[in-house]
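Here is a short briefing on one protein chain. Look over the sequence and the structure first, then read the points by topic.

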Amino acid sequence: MPESTQSTCNEKVFDDFFRSHSRQLRSYLYYKFGDLEQAEDMVQEAFIKLWNHCAKVPIEKAKSFLYTTATNIGISHKRHETVKFKHKNYIKQRKSDTTNESPEFVMLEKEYMEKLKEAIAALPDRQREVFLLSRIDKKTYKEIAALSNVSVKAIEKLMHKALVSLRKKIGNI
């Protein structure tokens, strides 16, 4: 076959590749991450990324690209869900705390917590994760760096960016 028909950008080649690998990739992701619906979404997302990068990925490297991309998507999704779960539990705990404060104070605190929740949710994943690990889980930068397999300097930079972003949105923290 001429080279152009074996290109990952060729729709027929891509379609055949999708048909021969999508089910196996879905099974792999389901076994790795434990959620069939999420696995199906990750397969679609990985194939979209392959299509978007088809000019850079020859067909003989497409399977490797696909599995690496899908695994990274799964890891990012898992990390995001973990952070969301911790954040949700923190907000629930704050709401359930009883106070003897005035109704005005309670209302202002509730408004502030909503603004804080929205601002934290709007942070990029890595910044949100570092912020919550530091401020909610009370982990040191060194502990967070070890968990994330990055340097302490990288954690400091992510935390600084998170704090700057939060201050812009809701004032001093």
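The accessible surface of the chain comes to about 11,600 Å², and 53% of that surface belongs to carbon and sulfur atoms. Accessible areas come from the Shrake-Rupley method with a 1.4 Å probe, and for residues only the protein chains shown count as cover. This is a predicted model: local features need pLDDT of at least 70, side-chain atom pairs count only at pLDDT 80 or more, and totals for chains, interfaces and linings use all residues. Residues are numbered from 1 along each chain as its sequence is written, and side-chain values use heavy atoms, with hydrogens and water left out.

**Overall make-up**

- The chain has 7 helices and 0 strands. Helices (H or I, at least four residues) and strands (E, at least two) are DSSP runs, numbered from the N terminus.
- Along the sequence, the pattern reads α-α-α-α-α-α-α.
- The chain has 173 residues, and 30% of them count as buried. Buried means under 20% relative accessible area, exposed means over 50%, and partly exposed lies in between (1.4 Å probe, protein chains only).
- Among contacts in the chain with a separation of 6 or more, 61% come from residues 24 or more positions apart. A contact means heavy atoms within 4.5 Å.

**The disulfide**

- How many disulfides does the structure hold? It holds 1. A disulfide is a pair of cysteine sulfur atoms within 2.5 Å.
- The partners are Cys 9 and Cys 54, with their sulfur atoms 1.9 Å apart.
- The pair links distant parts of the chain, 45 residues apart. Cys 9 lies in the segment before H1, and Cys 54 lies in the loop between helix H2 (36-52) and helix H3 (59-96).
- The link of Cys 9 and Cys 54 is right-handed, with 100° about the S-S bond.
- Cys 9 counts as partly exposed because its relative accessibility is 29%. Cys 54 counts as buried, at 11% relative accessibility.

**Packing of H1 and H2**

- Two packed helices are described by the angle between their axes and the distance between the axes.
- The axes of H1 and H2 come within 8 Å and cross at roughly 145°. Axes are lines fitted to C-alpha atoms, for helices over the stretch in contact, and angles run from 0 to 180 degrees between N-to-C directions.
- This crossing of H1 and H2 is right-handed. A crossing is left-handed if the near helix is turned anticlockwise from the far one by less than a right angle, and right-handed if clockwise.
- H1 residues in the contact include Phe 14, Phe 17, Phe 18, His 21 and Leu 25. H2 residues in the contact include Leu 36, Val 43, Ala 46, Phe 47 and Trp 51.
- By class, the contact of H1 with H2 has 15 nonpolar, 3 polar and 3 charged residues. Ala, Val, Leu, Ile, Met, Phe, Trp, Tyr, Cys and Pro count as nonpolar, Asp, Glu, Lys and Arg as charged, and the others, Gly among them, as polar.

- His 21 sits in helix H1 (residues 11-33). His 21 counts as buried because its relative accessibility is 15%.
- Leaving aside neighbours within four places in sequence, His 21 contacts Phe 47, Lys 63 and Leu 66.
- Ala 46 belongs to helix H2. Its relative accessible area is 0%, so Ala 46 is buried.
- With neighbours within four places in sequence left aside, Ala 46 contacts Leu 25, Leu 66, Thr 69, Ala 70 and Ile 73.
- Thr 71 belongs to helix H3. Thr 71 counts as buried, at 14% relative accessibility.
- Ala 46 and Thr 71 are 25 residues apart in sequence and 8.9 Å apart in space, C-alpha to C-alpha.
- Thr 71 contacts Tyr 28, Leu 29, Lys 32 and Phe 33, again leaving aside neighbours within four places in sequence.

**A residue in H6**

- Is Leu 147 buried or exposed? Leu 147 is exposed because its relative accessible area is 55%.
- Leu 147 is found in helix H6 (residues 141-148).
- Leu 147 touches Leu 133 and Lys 139, not counting residues up to four places away in sequence.
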